Every structure is written in structure tokens, then in C-alpha cells.
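Please open the structure in your viewer and keep the selection panel at hand. The tour below moves from one selection to the next and says what is there.

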Amino acid sequence: MATMMFWEAIRRALDEEMARDPMVICMGEDIGVAGGTYKATQGLYDKYGPERVMDTPISENGFTGLAIGASFVGVRPVVEIMSVNFAWLATDQIVNTAAKVHYMSGGQIKAPIVIRTPGGTAHQLGAQHSARMEKVFMGVAGLRVVTPSTPRQAYGLIKSAVRCEDPVLINEHELIYNLKGEVPDEEYFHPLEGSEIARQGKDVSLFGYNVSVHWCLQAAKKLADQHGIDAEVIDLYGLNPLDRAGIAESVSKTHRAVVVEEAEAPVGVGAEVMAILNEECFFEMDAPPARVSALNVPIPYNHTLEKAAIPNADDIVKAVLKLFGK
Amino acid sequence: MTSEDKRLLSVDVKKRLLHEMLFARRFEERCYEAYVERKIGGFLHLYPGEEACAHGVLEAARVGHDYVITSYRDHVHAIKSGVDPKAVMAELFAKVTGCCKGLGGSMHIFGVEQRFMGGYALVGGPFPLAAGIAKGIQMKGGDEICICFLGDAANNQGTFHESLNMAKLWNLPVLYVCENNLYGIGTRIDRSTAVVDQYKRVSGYNIPSQQVDGQDVEVVYAAAAAAIDHVRGGNGPYFLELMTYRYRGHSMSDSNAYRAKDEERMWSKRDPIIMLRDRLIDDGQLTQETFKKTDDQILEHIEDEIIRFAEESPEPTMDLLQKYVLVENDPWVKGGAH
Ligand SMILES: Cc1ncc(C[n+]2csc(CCOP(=O)(O)OP(=O)(O)O)c2C)c(N)n1
Ligand SMILES: [Mg+2]
């Protein structure tokens, strides 16, 4: 097992897939000569050339559509959209074409495209650079959505996504590109569906994805150290489809649930997980499920206000204590 | 260029094109009736008046070898690309024998075996898809090209400019064909578009272009042949503007009230089928009687073969409802084939 940073894990996956299959290409703004905003494609331009590591114009809907068209005829494009905020411009091609073309052609066309894009709030990037779009994409039938929380997941999810025949959107996060973690030395393919137990526990299930998994782990430690509560942390790396069975299984054991999302509550991951809990384990619950979400506001620039808008480990601890009547 | 300059097509080919265009006309008119009879649902965009565009261009292409992609006004492009008209009609009737098993509908005709890459409902959507298909062709090193048919109003979408830029930047083998019928639904082109001559709009991207009469199939053929030579020859994209007119409303829900009757009358005098018919008659290659007989045969064929097939075909079964949302049994979803 080698320890590497998140961005290095992505680069390794892309490099391996490009070396294996000449039809794998990378596209995006500043990914070639400049090596990518988060270095995820560093060195690939020199190795594979401008035809396969394409610096695109700032035309998100255009180049995403181009990649989708190329995927119809055997190309395996990995598109980097510099920030998820700019993916709004490409939602037309992602939602209207990639997610639907296999279905509406009666199975004749496949769009095996991978879209990598970092979302989330970072450090005072302001309202137009702090979007969390996972809730938008996870509601789109025909589009797979995954969101890695560790370098190992990032590596393995990209490897599987490149080979998968469906369009896959990989929701990354600006804050964890430098996160270090272990990645297997041998090739590793992470499942695109499912969830992982990030920490075993028996008293309450904390559901997180991407950065919020890390907040959940911090909260679990506090709960154990200071309150004697043994929290289980479930990493929902697969957002579409969600791991219905895995969610139910954990809560059937703990009988309590808190969903933690970086996005605003309405129509989000929390709402969806709570609906699943309702449907699958209503009578197993010892307390109503809770969610910890961002405030429903555009993200403010001011540092203090920004922090107040986004949940943290303490908010999770509070929500858990409430479930226990503390 | 006028029709007199370019008479490149043999008599046999002209006769066949006349037959095909007449068939396309009758096919679309029959769709109209079927829609009124509620056999066809949803949005239905018909092609009468514009037949010379698809036929002239695709006659110059290598059908089944070159890729074709277009908008929602797609039946005739599909048929000329080699998709079985029965499968098209069955698709319109939402039957399982339709080319998309009844899951697509009028705006989404697909025939991937024939390299007809589909009809798409979002105006401007196919521009980048076509460039992407061309990118795939380029990577594989084949001599195919991608032909993208879209309307005039589509050129006001950002994807038009984004795609032209990328197609030229990367020297992609794509031919953009603009079927300029002067309207985007009810809005006349000069009311939506600052530069009315569409072929001029691509000069900013250094893409060669031409505007020709889209009602004369021979003119279209000649212009398309030159354009296709350019693209196939590795010279990058080309933009061909065809001046044309649709006879009916934009779709079945459009009353067409916004157009002057004079304008409609003027264009009906330049009907692509009648012009070719009369030319063949003048040249002594056709008689009015044989034309009439052909027409009767076409009508009969549409009724007895195509409509009957669509009528008698079964509906899709419930197992299809969820079958194509995602690709089934993909081993990589589970984390690899091991
Ligand atoms: C993105 C988008 N906006 C609006 C529409 C509604 N719409 C359908 S066709 C059309 C006009 C398109 O005109 P043109 O491109 O000239 O093609 P034509 O129908 O004349 O062949 C409009 C506005 C749509 N389908 N997609
Ligand atoms: Mg038009």
C-alpha cells in the first residue's frame, strides 16, 4: 500500500487507463499544458500528447457535448469540469443527452463518458464558486453519480467509471485534493454502487459522503470520547443509485440515524436517505431520523458567516445528543 | 451556382431521387393524418417542402458509412440514411417494432446500424455531439465524416459557436448543414437573428461556407458533394446553408398563422419535387402519367405495408420500461470483472 494524495490517486488512475486503452482521452480547461487546476492530470499531456489530453476552450456545454458525441463512437472521454459551479452550463448535455440517449434510442447508443468535477465550499470562494450540485445530478435517471472521500476511493472509482458503459459523474471536492491516504499498489476497481462502513458502531448511524464523511468521523470520535456513544459512520460514496440495502442494514443495527450533507437541506441527500429510512426501517427506529445540512442560503464571502452556513462536527454531535434526549 | 451549372446527376439517379422525395412527402403527409387520428402522439415536426435538403446532401454522402445527426425534424433524414420506414412509422405509433422500441418517439429516431445517430429535441444540442463524433472518427483514422443537419434558429444557441470553434480548432471532419427555412417556430429569422445570412456567421471561425438553393436537389447535391470532399479530404469543418421552406406549421400544434400567404404561395412555386419532376418531363425522361402512377404506388405502399405494419405491431412490454435506464449487467459497476 502506497500513501498518496487524493490528486495523485486520480492522476494514477487516469494514467493507467490512458496507457491501457488508446481511446481513453482527457478533456478540460487547463488540464493539458498547465496540468490541471488541482494537478489531477499533471504530466499526462507530455506523455500522451494534445490529441488525448485536450485543453478545451471555456465552453462547458460545448466540450461536454463533444465528449458525449465522441463516446457514441468508441471514445472513452474523461471530462474535467474545473468547478461544479461551471457544470450548470453543461447540465443540458449531461442531463438531456448523456443520461437519456441510451434509453431513448431503445438501447442503441451508449454514452460511456466520465465527468470529474469538484464541488463544495472551500475557503471564501463566494456564492458563485461554492455550489454543491450532487443533489441535482443524483436525481437524474440514467446518470451514475459517485463521490469519493478518500484517495483509495478516488482511484478505484475512476478506474471503474472509465470502463463502465454508463455516463458517470464523479463529484470531487476542492478541500481534499491534498488529503493523504493509502491506495493499493495493485490495480483496484471500486464498485460504483454501494456504501462503505467508515467506522463500525452500534448506537447511531451517521451517514456522510465526500467531505462530510470526515466530519462524521470527527464527530464519532467526540461522541465516543466525551459521551460514551458508539457511532457508526457510513460513507455513501454512491449517490445514484443510493445504497438502499446498506442504509437499512446499518440502521437496523443502531436504530438511530443522522444524515450529514454539505448542501442545503431541501431536495437533497438527507431528504432522500430519510425517505429510504421511512420506507425501509420505520419500525426499527428508536428516534426520528435527523439531518445536518447547510443553511439554505447562497454561500457568503465573509469567513465567519461562511463557516456558520456549513455544518461541522460539533453540529453533528449536537444532533446525535438530541436523538438521545441529551 | 444555379441549377443549370450543375447537372451532375444521371437520369437514373434523378428519377430515384424524385421517387424518394415523393415518398418522403407522402410519408410525412400520412404522419399528419395519423396524428389527427391520434395514432401518433407527442410533438410531431414534419418535413414537406424541405425534401431536397436531406436528399441532396445525403445523396452526396456515403450513407451507412458517414455519420448523420439531426434535430427533432428527423424522419426523412433517418429514412434517407437507410433506416427502414416501417421501423420509423412503428416508432411514431409507439410500437415495440419501432426503431427505438417505442421508447423514443418522433423527435428521437435512431438507427445506429445505419450510423444515423439520432434526432434530438433540444435546439442546438447536436452541434457538439456531431463534433464529438468527428473527434472519434479522427482518433480512429477512418475516412468517415459526420453530417449534422440543424435549423436556422438553432444557430443562436451558444453550442453553435462553441462547436464551430472547437471543430475548426481541432480540424474535425464535420459538415454542418443549416436548413434555413426562415423561421424558428413562429419567429421569422430577421426578428431573431442579427445576421440573416447564416453562412456569413461562420467566417469568424475561418470555416468555409456556402449558401445555396435548398429547393433544387441537384444544386444541393453539387454543393454538398464539394463540401463533403472538403471535409473528407482532411480540411476540417464546412458549413452549408440551404435556403428552404416548410409547408406546414412548425409542429402539429402550430397553426402557422404568422406567415404571409404570399410568401407561402411564392415558395410553393419552388417545390423541390415539382421542380425535379418538370425538369425530367421537359427532358423527355418522364411523363405525367408515369409520375402519377408512381405516386399511386407510393400511397398504396405506405398504406398496405408501412401503416399496416405499424398498426398491427404490438406495444412495448412492461419489461422495457426500466431496461435501458442504465446498461444492464455491467461488470465494472460491481468493482471490476473479478
Ligand atoms: C433549448 C430549446 N429551446 C427551445 C425549444 C423549443 N423549440 C423547438 S423547435 C424551435 C425552433 C427551432 O427552429 P430552427 O432551428 O430554425 O429549426 P426548424 O424547426 O425551423 O427546422 C424551438 C424554439 C427547444 N426544443 N429547445
Ligand atoms: Mg427554421
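**Around ligand 1**

Begin with Ala121(B), where a backbone N or O atom lies 2.9 Å from a nitrogen atom of ligand 1, a polar contact being a pair of N or O atoms within 3.5 Å. This is a predicted model, in which local features need pLDDT of at least 70, side-chain atom pairs count only at pLDDT 80 or more, and totals for chains, interfaces and linings use all residues. Residues are numbered from 1 along each chain as its sequence is written, chains are lettered from A and ligands numbered from 1 in the order in which they are written, and side-chain values use heavy atoms, with hydrogens and water left out.

Taken alone, ligand 1 exposes 580 Å², of which the protein buries 73% (Shrake-Rupley method, 1.4 Å probe).

Now widen the selection to the 15 residues around ligand 1, among which Tyr72(B), Arg73(B), Ala121(B), Ala153(B) and Asn181(B) come nearest (a residue is near if one of its heavy atoms lies within 4 Å).

**Over to chain A**

Finally, select Lys322(A), which lies in helix H13, residues 313-323 of chain A (a DSSP run of H or I, at least four residues). Is Lys322(A) buried or exposed? Lys322(A) is exposed because its relative accessible area is 69%, and exposed means over 50% with a 1.4 Å probe and protein chains only. From Lys322(A) to Ser195(A), the C-alpha to C-alpha distance is 26 Å, and the two are 127 residues apart in sequence.

Definitions and conventions:
A polar contact is a pair of N or O atoms within 3.5 Å; within protein, one must be able to donate a hydrogen and the other to accept it, and residues adjacent in sequence count only if both atoms are side-chain atoms. Helices (H or I, at least four residues) and strands (E, at least two) are DSSP runs, numbered from the N terminus. Buried means under 20% relative accessible area, exposed over 50%, partly exposed in between (1.4 Å probe, protein chains only).
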